[in-house]
Amino acid sequence: MLTVLKNQNSSLTISTLGAEPQSYILNGIEYIWSGDKAHWPRRAPLLFPVTGPLREDSIAVNNVKYKMPGNGFARDTEFELISVTENSATYKLTDNESTRVFYPFSFSLTVTYTLKDQAYEASCTVEAPSEDIYYTYGWHPAFSLDINGKDCPLDSYSLSFSNNERLDRRYQVNGIFNVEKDFLVGDTINLSRKETDKGPIALWNVTSDEVTLTSSLGEHGVTATLGSFNTFVAWTPNNNAQFLCLEPMYSFGDASRPCEMSQMYGITKLEKGKKATYTNEFRFF
């Protein structure tokens, strides 16, 4: 089911499947990727309870293995729409028989999208109602490169960070990270197909509050705030797709990590009865 939020100059369309935004239009320009299956069928998924590829496509909890898709199961799961206002929509996913096939924990996700002036806010509250749980979380929205004209080349785009950074880049080869030392020194990454065809541009320990995508060939762009996250990933498939994902995340791992969730790098332990909220804003111009 689709819900459409509107204000004077923009609209945000969200699906109950994965609580996933399907469209963001500002002044007649579509900013979110179309989901063309020839390149990548998704648009702006959320990632829970894992991010990145897994060893043997599995997790383990107390030495019991469970099959788990890379980037988690939540993006392919139907959420319940629990409230709609003029400018917001809230969705909820609670553990059930289907989720426990992948993930044995009791949990709930409450996801709210709020339409703002030339922006939308994405917020997720993770709750551990009856036991300690382990997870990580991230947003994976894909933004059209055609905002600056049809077939505007990726090589005309750059990523600008709000702070000067000194960061290594990680990208997967057969599921395992290669590391490029000092990939970003300063505040700007000039994008190229040569680099994105290697795999994701995964950056750990980011200090910037926000990252902005712009093109030298046009005036339109997107800013992603990092909120409480310090991992940022930029990704597009190596098939000349006309989009780039801007992904604020809690962490991003590879298939070298152990299957046991409590031992994974960058995993969160949320204690019984506790909640954790992650809020990020995506701004458009």
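Two strands are taken to pair if DSSP finds at least two bridges between them. In this predicted model, strand β1 and strand β2 (residues 10-15) meet that criterion, with 5 bridges in the antiparallel sense. Within this pair, Thr3 has Ile14 of β2 as its bridge partner.

The pairing of β1 with β2 belongs to an open sheet of 4 strands, arranged in the order β1-β2-β3-β4 with antiparallel pairing. The edge positions are taken by β1 (2-6) and β4 (29-30); each has a single partner strand, so one side of each is left without a neighbour in the sheet. In general, the strands of a sheet pair through backbone hydrogen bonds, in either a parallel or an antiparallel arrangement. The side chains of a regular strand alternate between the two faces of the sheet.

A further antiparallel pair is made by strand β15 (residues 157-173) and strand β16 (residues 176-190), which are joined by 11 bridges. Ser158 is bridged to Asn190 in β16. The hairpin of β15 and β16 has 2 residues between the strands, and Asn174 takes a positive phi near 50° there.

The largest pocket has a volume of about 260 Å³. It is lined by 14 residues, of which Pro53, Asn71, Gln172, Trp235 and Phe252 are the closest to its centre. By class, the lining of this pocket comprises 6 nonpolar, 6 polar and 2 charged residues.

Technical notes. Residues numbered from 1 in each chain as written. Predicted model: local features only at pLDDT ≥ 70, side-chain atom pairs only at ≥ 80, totals over all residues. Heavy atoms only, no water. 1 Å grid on protein atoms, 1.4 Å probe; cavity = no way out; pocket = protein on both sides within 12 Å on 5 of 7 lines; lining within 4 Å. Points joined across faces, edges and corners; volume = space filled by probe spheres on them. Nonpolar A, V, L, I, M, F, W, Y, C, P; charged D, E, K, R; others polar.
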